Amino acid sequence: MGTRPAKIAGRGRDAGKTKICPQAGCNSVAMTAVKFVRQTQPSGIFWLCDKCGHEQPTR
Ligand SMILES: [Zn+2]
């Protein structure tokens, strides 16, 4: 009794959270999840850095 399942919070791996830009020079800038639909590159949700424009798949 009294035991309830611990809820493990994701650590910045999944969409819905923020991610920090890995680029040198803006390593504490939060990236925003943006959905891209395009043909020459994979579509989907990517993290986009406001500062340097770096993008990265959310998976
Ligand atoms: Zn950046």
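In what order do the elements of the chain run from the N terminus on? They run β-β-β-β. The structure described here is a predicted model.

**Overall composition**

The secondary structure of the chain comes to four strands and zero helices. The chain has 59 residues, and 7% of them count as buried. Among the contacts in the chain with a separation of 6 or more, 23% are accounted for by residues 24 or more positions apart.

**The sheet**

The four strands make up an open sheet with the order β1-β2-β3-β4 and antiparallel pairing. The edges of this sheet are taken by β1 and β4 (55–57); each has a single partner strand, so one side of each is left without a neighbour in the sheet. As a general principle, strands of a sheet pair through backbone hydrogen bonds, either parallel or antiparallel.

**Pairing from strand to strand**

Strand β1 covers residues 19–20 and pairs with strand β2, residues 30–36, in the antiparallel sense over two bridges. In this pairing, Ile20 stands opposite Ala30 in β2.

On to the next pair: β2 is joined with strand β3, residues 44–49, over six bridges, again in the antiparallel sense. Thr32 has Leu48 in β3 as its bridge partner, and Lys35 has Ile45 in β3.

The last pair consists of β3 and β4, which meet in the antiparallel sense over three bridges. Here Trp47 has Gln56 in β4 as its bridge partner, while Phe46 stands opposite Pro57 in β4.

The table gathers the three pairings.

| Strand pair | Sense | Bridges |
|---|---|---|
| β1 and β2 | antiparallel | two bridges |
| β2 and β3 | antiparallel | six bridges |
| β3 and β4 | antiparallel | three bridges |

**The hairpin of β3 and β4**

How many residues lie between β3 and β4 in the hairpin that they form? There are five residues between the two strands, and Gly53, in the turn, has a positive phi of about 80°. The hairpin thus leads from β3 into β4, and β4 is one of the strands at the edges of the sheet.

**Summary**

In this predicted model, the chain carries four strands and zero helices, and the strands form an open sheet with antiparallel pairing.

Note on methods: Residues numbered from 1 in each chain as written. Predicted model: local features only at pLDDT ≥ 70, side-chain atom pairs only at ≥ 80, totals over all residues. Pairing = 2+ DSSP bridges. Buried ≥ 20, exposed ≤ 12 C-beta atoms within 10 Å, placed from the backbone. Contact = placed C-beta atoms within 7 Å.
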